Amino acid sequence: MASQNASKKQKQPFWLGGAAASMAVCFIPPKSRMQVLQSRTPLLRTLQLFAARDGIPSLWTGLSASVLRQATYSTARFGLFNLFSTALFPSHTILCAALAGGLAGMLGNPAEIVLVRMCADGAKPVSQRFSYPNPIVGLYRIGRDEGVRVFARGMGANIVRSVLMNVSQIAPYAAAKKIILINTSLGDDVRTHALSSLVAGTVATTACAPADVLKSRIQSASKGSSAQVMQVVTEGLRKEGPAFLMKGWTPAWLRLTPHTVLTFVFMEKLQELVTTATAAPVVRATI
């Protein structure tokens, strides 16, 4: 069984996780707008205000940046995890997930900054908005107007968040799936994948919330700002209390958990397609 699992991992393409995450994100509104708000307005009321002011489609502001982020960050975190777990540390799931998550956090930081800024624009006065028409233009304008060093803004918090995300998604998913298969009559199908990823999404939301809030607030800072982690923590504690570190947990759960479910379900289905395609016999034409 172990050799079969290893063989299956080796056949997983590097792009598979990023493709699944990019597909999943199209169904879920970005959450960063709620995290940068410094208010106690309830989730549903806030969403209602945004929809009434800017229209329902505004809730998906930053979707193009979300896809770009998943194409870089999620491709790296899942692809590197698969590489590490098959070639370097096959029996150390948490270590592989942490290493892959940290490297993915670095690689995906530029797209993360653009995503956070595009999502946060709707919560700001018009005069303070970045108004990027798309993430490619956003990357260009940041490099041109603010310098490439801005692409590293919030990287420390993003790396911590990425490590937590990978560990708190991959390990709980694998553990929950194993428990379900052993202790229930369910098979290795969509129902098991959905239940396992529901557990993983809830664990990941809770583990990543503090780093996610800090990252979003640092990266959404206006041009010329030099907000640091301790500065954001101190100001948040003074104005909002310790609960600010869980700011946006509900919208984060409402987004991350369905996104986690869709991502793992899509990954399992894409893996099935890849496995089927590679196992299919080659039909040679005869003349």
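The points below comment on the fold, the salt bridges, the aromatic pairs, the cysteines and one backbone angle.

1. Basis of the model. This is a predicted model, in which local features need pLDDT of at least 70 and side-chain atom pairs count only at pLDDT 80 or more, while totals for chains, interfaces and linings use all residues. Residues are numbered from 1 along each chain as its sequence is written, and side-chain values use heavy atoms, with hydrogens and water left out.

2. Overall fold. The protein has 12 helices and 0 strands, where helices (H or I, at least four residues) and strands (E, at least two) are DSSP runs numbered from the N terminus. Of its 287 residues, 46% are buried; buried means under 20% relative accessible area, exposed over 50%, and partly exposed in between, with a 1.4 Å probe and protein chains only. Among contacts (heavy atoms within 4.5 Å) with a separation of 6 or more, 79% are between residues 24 or more positions apart. The accessible surface, from the Shrake-Rupley method with a 1.4 Å probe, comes to about 14200 Å², and carbon and sulfur atoms hold 68% of that area.

3. Arg69 counts as buried at 6% relative accessibility, and Glu112 counts as buried at 3%.

4. Network around Lys177. Salt bridges link Lys177, Asp188 and Glu268 in a network. In the pair of Glu268 and Lys177 the closest N and O atoms are 2.9 Å apart; Glu268 lies in helix α12 and Lys177 in helix α9, so parts 91 residues apart in sequence are tied together. For Asp188 and Lys177 the corresponding distance between the closest N and O atoms is 3.4 Å, with Asp188 placed in the loop between α9 (155-183) and α10 (190-219), 11 residues from Lys177 in sequence. Lys177 is buried, with a relative accessible area of 14%, whereas Asp188 is partly exposed at 44%.

5. Aromatic pairs. Rings of Phe, Tyr and Trp (its six-membered ring) pair if their centres lie within 6.5 Å, and planes under 30 degrees apart count as stacked, over 60 as edge-to-face and the rest as tilted. By this rule the count comes to 5 aromatic pairs. The rings of Phe78 and Phe264 have centres 6.1 Å apart and planes at 85°, so the pair is edge-to-face. This pair connects helix α5 (residues 63-87) with helix α12 (residues 249-279) across 186 residues, and both Phe78 and Phe264 are buried. Ring pairs also bring Tyr173 into a cluster with Phe78 and Phe264.

6. Cysteines. The whole structure contains 0 disulfides, a disulfide being a pair of cysteine sulfur atoms within 2.5 Å. Cys96 counts as buried at 0% relative accessibility, and Cys208 counts as buried at 3%.

7. Backbone angle at Ser131. Although Ser131 is not a glycine, its phi is positive, at about 55°. Ser131 is found in the loop between α7 (109-120) and α8 (135-145) and counts as partly exposed at 47% relative accessibility.

Note on methods: Salt bridge = Lys/Arg side-chain N within 4 Å of Asp/Glu carboxyl O.
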